[in-house]
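Trainee: Could we go through this model together? I would like to begin with the overall picture and then look inside.

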Amino acid sequence: MLFSVRTGTYADPAKARTRPRRLPQQLERKLVLAAKDGGDAERTKLVEAFTPLVSSVARMYRGWARIDRAELMQEGVVGLMRALERYDPALGTPFWMYASWWVRQAMQQLVSELGRPIVLSDRALRKLARIKEAQREHLQSHGQELRPHELAAATGLPQTQIESLLSADRTPRALEEPVGGDHEVGTTLGELVDDPRAEAAYEQVPRLIAAAKLPPLLEQLEEREQVIIRARFGLDCSERTLRELGNDLGVSAERVRQIEAASLAKLRDAAA
């Protein structure tokens, strides 16, 4: 086992050897310049070359509830493309050193939206990942979980901070989640905790806004959010289901529902 000064934990050398290697600097620069000046084919080559590195960042978020690895990778590629648009080769900074921040930010936003009700910073997420890794390793080795003071000793973090981070890591439950036995059909969590005002508010938001005010309000949303709101409420198009939109956008129906809920919240705030 090797001791890591950065994380304050021990690492398995066999696992360390599996980490993807950075591209040679000349090859990296060649791919980046071609992608910035070229079209889809050049950008596809860039994505393929950096996929192992994006995947290594995605491993930081493994085990988070309700997050599919494919969605993490998709958001990571979005972050990679954002970095490419803003990257200035003349500064001499290695591209991945610059792009890795954008990749982490894209994945962190997805984790914050789907994984927990409290948005955590990138630094807090790394600490939480360290805590979870220590818990997982101790559970595999000893068959029991670490207590807070033991976690503090294993990670080098204050016990109060560990308790706060674990508290923020609560997993939300979807209202569509079935309850009862595996073979019980028809009952969902939303039916047991139904708030008649919540659904009406969501459905009536676009209709409560005057038609003259709706277009500028929608422009405050991101492009994907606009597409989902217009399609879900039949604005200038036919109404679409969550599954249909998910198939078109390449994400799950649950992901579409999450984006819809966040978008409607933005519209409510803007209308207020």
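Trainee: How many helices and strands are there in the protein chain?

Mentor: The protein chain has 14 helices and two strands. Please keep in mind that this is a predicted model.

Trainee: What share of the residues is buried?

Mentor: Of the 272 residues in the protein chain, 35% are buried.

Trainee: And which residues touch the most other members in the largest nonpolar core?

Mentor: They are Leu46, Phe50, Leu72, Leu80, Phe95, Trp96 and Met107, in a core of 29 residues. At least two core residues come from each of helix H2 (25-37), helix H3 (40-58), helix H4 (69-86) and helix H5 (95-115). H5 gives the most, namely eight residues.

Trainee: What does Phe50 touch?

Mentor: Leaving aside residues up to four places away in sequence, Phe50 touches Leu23, Glu28, Leu80, Phe95 and Trp96. Apart from this core there is another one, of 10 residues, which includes Ala124, Leu146, Ala152 and Ile162.

Trainee: Turning to H4, which of its residues are buried?

Mentor: The buried residues of H4 are Glu71, Leu72, Met73, Glu75, Gly76, Gly79, Leu80, Met81, Ala83 and Leu84.

Trainee: How far does H4 reach from its first C-alpha to its last?

Mentor: H4 has 18 residues and reaches 26 Å, close to the 26 Å expected at 1.5 Å a residue.

Notes: Residues numbered from 1 in each chain as written. Predicted model: local features only at pLDDT ≥ 70, side-chain atom pairs only at ≥ 80, totals over all residues. Heavy atoms only, no water. Core = buried A, V, L, I, M, F, W, Y, C linked by side-chain atoms within 4.5 Å. Buried < 20%, exposed > 50% of the residue type's maximum accessible area, 1.4 Å probe, protein only. Helix = DSSP H or I, 4+ residues; strand = E, 2+ residues; numbered from the N terminus. Contact = heavy atoms within 4.5 Å. Expected span 1.5 Å × (residues − 1).
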